[in-house]
Amino acid sequence: MDLLEIFDASNQPLGYTKPKKEAHRDGDWHRTSEIVVLNDRDEVLLSLRHPDKAVLPNFWDVCVGGHVDPGESYEQCATREVEEEIGVRPKTGELQFLGMVAVEVIDPAASLIDREHAAVYVFRTRRTLDQFVMQSDEVADLRFMPIAVVLEEFRTGNNSLRYTPPQHTYLRTLEMAAAFICPPTP
């Protein structure tokens, strides 16, 4: 059974855990890590959620990531998730922390109220698609797409792919990654 540590809306621990399914049903705040994987051409790695996933099957994610286990740090989670989902273990210093975003997805049809305090990281890689090893029960396909194209799609709503909601949150995640690529000049 997957347990999640429960937090308040300000990301302060409440001192207890809950099964993931119950936390998502009840709308409890918990922690996740999101990792934007970028190649040398400033393309973001997109991953297609496996068709057997309980939540959002066959949607494209703009980052890899997952839930922080009880007692685990955001960075430990990010390292574990990159290794699990795409078969690469980031070395110390390869994950760059970009900031925090609040994620809120409410889907009454799925009895889902998902509230997350998400730490956003960027992971630069020179690997090609054939050098990744997809986690067979999580990821059905991978592709690179220029981050500028995905940002434009999210801003205009003219999406070429079926992306995971909430797109406004993932827009913020990608904007953080784009600022990392090309920091604003003072």
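**Close-up views of a predicted model**

**View 1. The surroundings of T164.** Setting aside neighbours within four places in sequence, T164 is in contact with R49, L56, F59, W60, D61 and Y170 (contact means heavy atoms within 4.5 Å). The model is predicted, so local features need pLDDT of at least 70 and side-chain atom pairs count only at pLDDT 80 or more, while totals for chains, interfaces and linings use all residues. Residues are numbered from 1 along each chain as its sequence is written, and side-chain values use heavy atoms, with hydrogens and water left out. T164 sits in the loop between α3 (147-156) and α4 (167-181); helices (H or I, at least four residues) and strands (E, at least two) are DSSP runs numbered from the N terminus. With a relative accessibility of 3%, T164 counts as buried (buried is under 20% relative accessible area, exposed is over 50%, and partly exposed is in between, with a 1.4 Å probe and protein chains only). The side chains of T164 and D61 make a polar contact of 2.9 Å. A polar contact is a pair of N or O atoms within 3.5 Å; within protein, one must be able to donate a hydrogen and the other to accept it, and residues adjacent in sequence count only if both atoms are side-chain atoms. P57 is 107 residues from T164 along the chain, and their C-alpha atoms are separated by 9.2 Å.

**View 2. The cis peptide bond between P165 and P166.** The bond from P165 to P166 is cis, with omega near -5°. P166 belongs to the loop between α3 and α4.

**View 3. Packing of α3 against α4.** The two helices pack at an angle of about 145°, and their axes are 10 Å apart. Axes are lines fitted to C-alpha atoms, for helices over the stretch in contact, and angles run from 0 to 180 degrees between N-to-C directions. From α3, the contact involves I147, V150, L151, F154 and R155. From α4, the residues taking part include Q167, Y170, L171 and L174. The α3 and α4 crossing is left-handed, meaning that the near helix is turned anticlockwise from the far one by less than a right angle (right-handed if clockwise).

**View 4. The largest nonpolar core and Y163.** The largest nonpolar core has 20 residues, of which V36, L46, V62, V150, F154, Y163 and L174 touch the most other members. Two or more residues of this core come from each of β3 (29-38), β4, α3 and α4. Such a core is a set of buried Ala, Val, Leu, Ile, Met, Phe, Trp, Tyr and Cys residues joined through side-chain atoms within 4.5 Å. Not counting residues up to four places away in sequence, Y163 touches L46, F59, W60, V62, M145, V150, E153 and F154. Another core, of 19 residues, lies apart from the largest one and has Y74, C77, F132 and L142 among its members.

**View 5. Strand β4 and its partners.** In β4 (residues 43-49), 7 of 7 residues are buried. E43, L45, S47 and R49 point one way from β4, and V44, L46 and L48 point the other way. β4 runs antiparallel to β9 (residues 139-146), joined by 7 bridges; two strands pair if DSSP finds at least two bridges between them. Within this pairing, L46 stands opposite R143 of β9. β4 is also antiparallel to β5 (residues 60-61), with 2 bridges, and L48 has W60 of β5 as its bridge partner.

**View 6. Loops on either side of β4.** D42 lies in the loop between β3 and β4. Although D42 is not a glycine, its phi is positive, about 60°. D42 counts as partly exposed, at 25% relative accessibility. The loop between β4 and β5 holds K53 and N58. N58, also not a glycine, has a positive phi of about 65° and is partly exposed, with a relative accessible area of 36%. Leaving aside neighbours within four places in sequence, K53 is in contact with D137 and E138. The side chains of K53 and E138 make a polar contact of 2.7 Å.

**View 7. Strand β3 between β8 and β6.** β3 is largely enclosed by the rest of the structure, because 9 of its 10 residues are buried. β3 runs parallel to β8 (residues 112-124), with 10 bridges joining them. Its pairing with β6 (residues 64-67) is antiparallel, over 4 bridges. T32 stands opposite A118 in β8 and has H67 as its bridge partner in β6.
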